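These are my notebook entries on one protein model.

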Amino acid sequence: MEAVRFSNKIQIHSSSFSNTHFGLINFRKTHLGFQPKIQKKWKSLNLSGGGDQRLKKEVFMEKKQRGGFTVKCTAEGIERGMLVGGRSEEREFMVAERFKVVALMACVMCLCNADRVVMSVAIVPLAAKHGWSSAFLGIVQSSFLWGYIFSSVIGGALVDKYGGKKVIAWGAALWSLATLLTPWAANHSTVSLLAIRAFFGLAEGVALPSMNTLLSRWFPCHERATAIGISMGGFHLGNVVGLVLTPLFMTSIGISGPFILFASLGLLWLTTWVSRVTNDPQESNSITKAELRLIQAGKSDSPSSKKGELPPLRLLLSKMPTWAIIFANVTNNWGYFVLLSWMPVYFKTVFNVNLKQAAWFSAVPWGTMAISGYVAGAASDFLIKAGYSLTFVRKVMQSIGFIGPGVALLCLNFAKTPEVASVLITIALSFSAFSQAGFLLNMQDIAPQYAGFLHGISNSAGTLAAIISTIGTGFFVQWLGSFQAFLTLTACLYFVTAIFWNVYATGER
């Protein structure tokens with residue numbers, strides 16, 4: 001956006017103005033010279049620049065009590081405020097409302113994953129205290145998924161009907177409560193622990209469908225992958241936060257320390273979310289007209305589902321692109337939850353590192369995954385803006401997201417030191433983040449009006465796979481005495497699904 005330079009003499013060409021209403025303009029002298037005092041808003045104003053270039057700007061005037069007024073210029077969603085008259089050195093900068101929404105979404109996704117990870121670290125001292133076997137560890141780790149598998153479909157349908165704001169607000173309130181009650185349940189009985197973890201998963205199952213649907217309403221198509229990348233970056237940073245802070249708080253306060261911390265942060269986030277965010281930008285009182293037009297112009301028209309109307313399950317399942325998304329989610333969750341649930345145990349078992357070191361080795365890969373997820377989103381949006389088809393972009397991103405982790409996991413079988421193992425896991429998770437710009441966005445491409453429901457179906461299938469992989473890892477380790485066989489199986493699954501995706505996936509509705 002070209003800078004508009006003001007000089008002592010301003011030449012305004014009559015051809016540069018269209019549909020402009022001039023109000024009464026009075027001039028008053030100040031210590032800076034003559035400055036205009038404008039009493040009415042100017043509507044559509046075209047300012048002529050140099051040569052043949054012209055920038056269309058909307059200028060809004062707001063009078064200030066101290067005698068000045070604010071000029072806010074908007075171009076392509078970038079808003080700036082400049083104080084003219086009064087104190088010229090002051091500046092007012094406005095942040096686009098959609099960026100506030102994605103920032104809050106990234107925060108809750110961070111807490112969502114941090115609450116999960118607490119148990120992955122706390123289970124090591126709990127297992128030592130209660131004498132749990134490796135097989136039973138897998139059952140405890142998977143109990144979160146027992147509730148998660150049901151709430152994905154139900155939560156997705158609720159998001160389509162009521163919007164993401166309310167659904168994720170209720171989810172955050174309930175999973176924070178479950179997090180707070182987890183230490184009590186663990187001390188009471190294993191049955192209570194399994195029940196509260198299942199309830200915790202039930203509440204968290206609505207997070208991803210809510211995120212996907214809400215951001216699709218708040219961001220134009222060419223910014224959506226970046227928005228998802230930012231939110232999922234917060235999600236992956238939750239692993240880092242949980243893995244690093246949990247041992248510190250357990251050492252200083254006890255096992256209940258990190259659970260109390262993250263539950264309190266969840267309730268604090270909830271108070272801000274409820275008062276600041278709306279389901280749709282058209283319902284927001286804070287958004288500017290220019291930003292609203294930018295969002296609406298960047299969306300393709302799509303029919304919306306009617307309230308009370310059941311999603312067409314038979315129609316969705318009759319299409320091979322739907323199955324491509326389902327299989328992609330299955331494979332992604334299979335590998336993701338193996339690494340999420342077992343990494344601290346892996347480093348302790350294979351390399352005999354202590355709990356704090358295991359947490360650090362496990363945390364580093366998730367931090368890089370947050371960065372690579374943003375890179376994947378930005379790259380995806382860049383390719384779309386450059387004119388590449390959605391189908392091509394989704395296939396490229398998902399291929400990177402599967403082939404990369406598969407190769408890295410095969411190499412992990414030959415790691416001899418925890419440092420090398422951490423590097424390979426970092427590579428696997430960094431490439432895995434490209435799936436966010438693949439199947440995760442593809443739901444909005446092929447069925448935007450039922451994206452929440454489709455997300456729920458695919459996520460439930462993926463959750464079932466995660467339960468099998470989480471429990472299966474424990475039995476494989478107990479049976480064979482190593483992680484190698486299961487890592488090889490996971491790598492092969494990545495390769496097979498990458499082929500299926502490239503054959504059947506599409507970006508067309």
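The entries below go from the whole chain to single residues.

**Entry 1: ground rules.** I am working with a predicted model, in which local features need pLDDT of at least 70, side-chain atom pairs count only at pLDDT 80 or more, and totals for chains, interfaces and linings use all residues. Residues are numbered from 1 along each chain as its sequence is written, and side-chain values use heavy atoms, with hydrogens and water left out.

**Entry 2: the whole chain.** I looked up the elements and found 16 helices and 7 strands in the protein chain. Helices (H or I, at least four residues) and strands (E, at least two) are DSSP runs, numbered from the N terminus. Of the 509 residues, 55% count as buried. Buried means under 20% relative accessible area, exposed means over 50%, and partly exposed is in between (1.4 Å probe, protein chains only). The accessible surface of the chain comes to about 23,400 Å², and 64% of that surface belongs to carbon and sulfur atoms. Accessible areas come from the Shrake-Rupley method with a 1.4 Å probe; for residues, only the protein chains shown count as cover. I also looked up contacts, where contact means heavy atoms within 4.5 Å. Among contacts between residues at least 6 apart in sequence, 76% join residues at least 24 apart.

**Entry 3: a nonpolar patch.** Which residues make the nonpolar surface patch of about 830 Å²? I listed Phe-150, Ile-154, Leu-158, Tyr-162, Trp-170, Leu-174, Phe-199 and Leu-202. The elements giving two or more residues to this patch are helix 2 (134-162), helix 3 (164-188) and helix 4 (190-204). Helix 2 gives the most, with 4 residues. Patches are made of residues with over 30% relative accessible area and no salt bridge; like charges are joined within 9 Å, and nonpolar side chains (Val, Leu, Ile, Met, Phe, Trp, Tyr) within 5 Å. I checked Ile-154, which is in helix 2. Ile-154 counts as exposed because its relative accessibility is 53%.

**Entry 4: salt bridges.** Side chains of opposite charge can pair when their charged atoms come close. A salt bridge is a side-chain nitrogen of Lys or Arg within 4 Å of a carboxyl oxygen of Asp or Glu. A search of the whole structure finds 5 salt bridges.

- Glu-223 forms a salt bridge with Arg-98, with the closest N and O atoms 2.9 Å apart. Glu-223 lies in helix 6 (residues 221-252) and Arg-98 in helix 1 (residues 97-130), so this pair ties together parts 125 residues apart in sequence. Glu-223 counts as buried at 17% relative accessibility, and Arg-98 counts as buried at 1%. Arg-98, Glu-223 and Glu-291 are linked in a network of salt bridges.
- Glu-204 and Arg-116 meet in a salt bridge through their side chains (2.7 Å, N to O). Glu-204 is in helix 4 and Arg-116 in helix 1, so the pair ties together parts 88 residues apart in sequence. Both Glu-204 and Arg-116 are buried.
- Arg-394 and Asp-445 are also joined by a salt bridge (2.6 Å, N to O). Arg-394 lies in helix 12 (residues 390-412) and Asp-445 in helix 14 (residues 439-446), so parts 51 residues apart in sequence are tied together. Arg-394 is buried, with a relative accessible area of 5%, and Asp-445 is buried at 9%.

**Entry 5: two loop residues.** Where does Gly-438 lie? Gly-438 is in the loop between helix 13 (418-432) and helix 14. Gly-438 counts as buried because its relative accessible area is 0%. Not counting residues up to four places away in sequence, Gly-438 touches Arg-394, Met-397, Gln-398 and Trp-501. The C-alpha atoms of Gly-438 and Met-397 are separated by 5.3 Å, although these residues are 41 residues apart along the chain.

Asn-413 lies in the loop between helix 12 and helix 13. Asn-413 is buried, with a relative accessible area of 12%. With residues up to four places away in sequence not counted, Asn-413 touches Gln-484, Leu-487 and Thr-488.

**Entry 6: a helix pair.** Two packed helices are described by the angle between their axes and the distance between the axes. I looked up helix 5 (residues 207-218) and helix 15 (residues 451-480), whose axes come within 9 Å and cross at roughly 150°. Axes are lines fitted to C-alpha atoms, for helices over the stretch in contact, and angles run from 0 to 180 degrees between N-to-C directions. The contact is made by Leu-208, Pro-209, Asn-212 and Thr-213 of helix 5 and Gly-452, His-455 and Asn-459 of helix 15.
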